[in-house]
Amino acid sequence: MAEIEPVADKATSYFYALLFIQHPDLRALFPAAMDTQRDRLFRALLTAAQHADDSATLTTYLSRLGRGHRKYGTLPEHYPAVGECLIAALSRFAPATWNGHTEAAWVRVYTAISQIMIDAAAEDERHSPAWWQAEIVTHELRTPDIAVVTVRPDQPYPFVAGQYTNLETPWWPRVWRPYSFSAAPRPDGLLSFHVKAVPAGWVSGALVHRARPGDVLRLGPPTGSMIVDHSTDNGLLCLGGGTGIAPIKALVEDVAEHGRCRPVEVFYGARQAGDLYDIDTMLQLQRAHNWLSVRPVVSDGPTRGLSGQLPAIVRQYGPWTAYDAYLSGPPGMIRSGVDTLKGIGIPSHRIRHDTIDGLMAPTPG
């Protein structure tokens, strides 16, 4: 691994070139433009290999990956081809450490990796489609670059408040991006997402500026572990930055539906007051539930609320020893938020946030 790291980009490029030359049929599983996800598969394999001795964590991670790969059209027979090209790339770019023993170890690890993913996909196929078609029924522009998109899936879509899915638009085939559900499951089956158009964001830009009611998206399976533990009476400390308020709102609705009146403290952060696009909804929820407190936090510019960085503001309140923490927002906010919460005494197992591409990393990709 140490030998590969400095030349990881070259090894990745070689891996994909070899894969597409030797197995051209697999090219159709990947997006036309590879620049945003060209290294995801390669790095996921390397990450899994690094955690080969942690079977519980590895199985959880790979099972999710295997289920998620169904939406790309991945089949069991594709795994050997990927394994062959992976080993060829590693042997080419790690000549100093590569030998028969190393190759045998990688073969064992990759065999175990692929079998976990294949088994998870097969089990998932028994009760769930690879993807859902979902028609946009409303498209509400909240700010010039933030939209609330509500869709109707073509069949029941089971999920839990706090989870997320991956979306594919008709304008960028095979390019999937993660978005959290912004509401708890509804009786009418509709699903809503908060989308911010980011620079050079193909999917987000299309969803905000191009999508209209009647357009049809594809949804991958629900995933994520940022869900409420209803077996405890602990309070919820929620940090939502930007569109990260979407799953926080879903968690609040989930607590309300269970009717246990647990204290929920929400800190809703944004750069400027005008970026608090969902503050009216959150304050309406606060008026409806006396166990809910919502505090807007603005880091730059004037505000009638709290002023400063979200994690630093949270430190001023509390104590939080009887709370479970939930974080959703930009990667930097997640990192600093986790550090702050640990620093004020909340143990790691009670700090919940989702990772998109990493195994144990504290940032959602």
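Analyst: Helices (H or I, at least four residues) and strands (E, at least two) are DSSP runs counted from the N terminus. This is a predicted model, in which local features need pLDDT of at least 70 and side-chain atom pairs count only at pLDDT 80 or more, while totals for chains, interfaces and linings use all residues. Residues are numbered from 1 along each chain as its sequence is written, and side-chain values use heavy atoms, with hydrogens and water left out.

User: Why is Asp278 called buried?

Analyst: Buried means under 20% relative accessible area, exposed means over 50%, and partly exposed is in between (1.4 Å probe, protein chains only). Asp278 has a relative accessible area of 1%, so Asp278 is buried.

User: Which residues is Asp278 in contact with, leaving aside its neighbours within four places in sequence?

Analyst: They are Arg142, His194, Ile245, Lys249 and Tyr268, where contact means heavy atoms within 4.5 Å. Arg142 is 136 residues from Asp278 along the chain, and their C-alpha atoms are 8.2 Å apart.

User: Which residues meet between helix 7 and helix 8?

Analyst: Ile245, Lys249 and Val252 of helix 7 meet Thr281, Met282 and Leu285 of helix 8. By class, this contact of helix 7 with helix 8 has four nonpolar, one polar and one charged residues. Ala, Val, Leu, Ile, Met, Phe, Trp, Tyr, Cys and Pro count as nonpolar, Asp, Glu, Lys and Arg as charged, and the others, Gly among them, as polar.

User: Is the crossing of helix 7 and helix 8 left-handed or right-handed?

Analyst: Helix 7 passes helix 8 in a left-handed crossing. A crossing is left-handed if the near helix is turned anticlockwise from the far one by less than a right angle, and right-handed if clockwise.

User: How do you know what to call the angle of helix 1 to helix 4?

Analyst: The axes of helix 1 (residues 8-22) and helix 4 (residues 78-93) come within 9 Å and cross at roughly 140 degrees. That value makes helix 1 oblique to helix 4. The crossing of helix 1 and helix 4 is right-handed. Among the residues in the contact are Tyr14, Phe15 and Leu18 of helix 1 and Cys85, Leu86 and Ala89 of helix 4. By class, the contact of helix 1 with helix 4 has 12 nonpolar, one polar and two charged residues.

User: How many aromatic pairs does the structure hold?

Analyst: The structure holds 15 aromatic pairs. Tyr16 and Phe20 form a tilted one, with 5.8 Å centre to centre and 35 degrees between the planes. Rings of Phe, Tyr and Trp (its six-membered ring) pair if their centres lie within 6.5 Å; planes under 30 degrees apart count as stacked, over 60 as edge-to-face and the rest as tilted. Both Tyr16 and Phe20 lie in helix 1, four residues apart, about one turn of the helix. Tyr16, at 5% relative accessibility, counts as buried, and Phe20 is buried at 17%.

User: Why is Cys261 called exposed?

Analyst: Cys261 has 52% relative accessibility and therefore counts as exposed. Cys261 is in the loop between helix 7 (245-258) and strand 8 (264-270). Its phi is near 55 degrees, a positive value in a residue other than glycine. Most residues other than glycine have a negative phi, and most peptide bonds are trans.

User: Which residues does a cis peptide bond join?

Analyst: A cis peptide bond joins Gly318 and Pro319, with omega at about 5 degrees. Pro319 is in the loop between helix 9 (310-315) and strand 11 (323-328).

Technical notes
Axes fitted to C-alpha atoms, helices over the stretch in contact; angles between N-to-C directions. Parallel < 35°, antiparallel > 145°, perpendicular 65-115°, else oblique.
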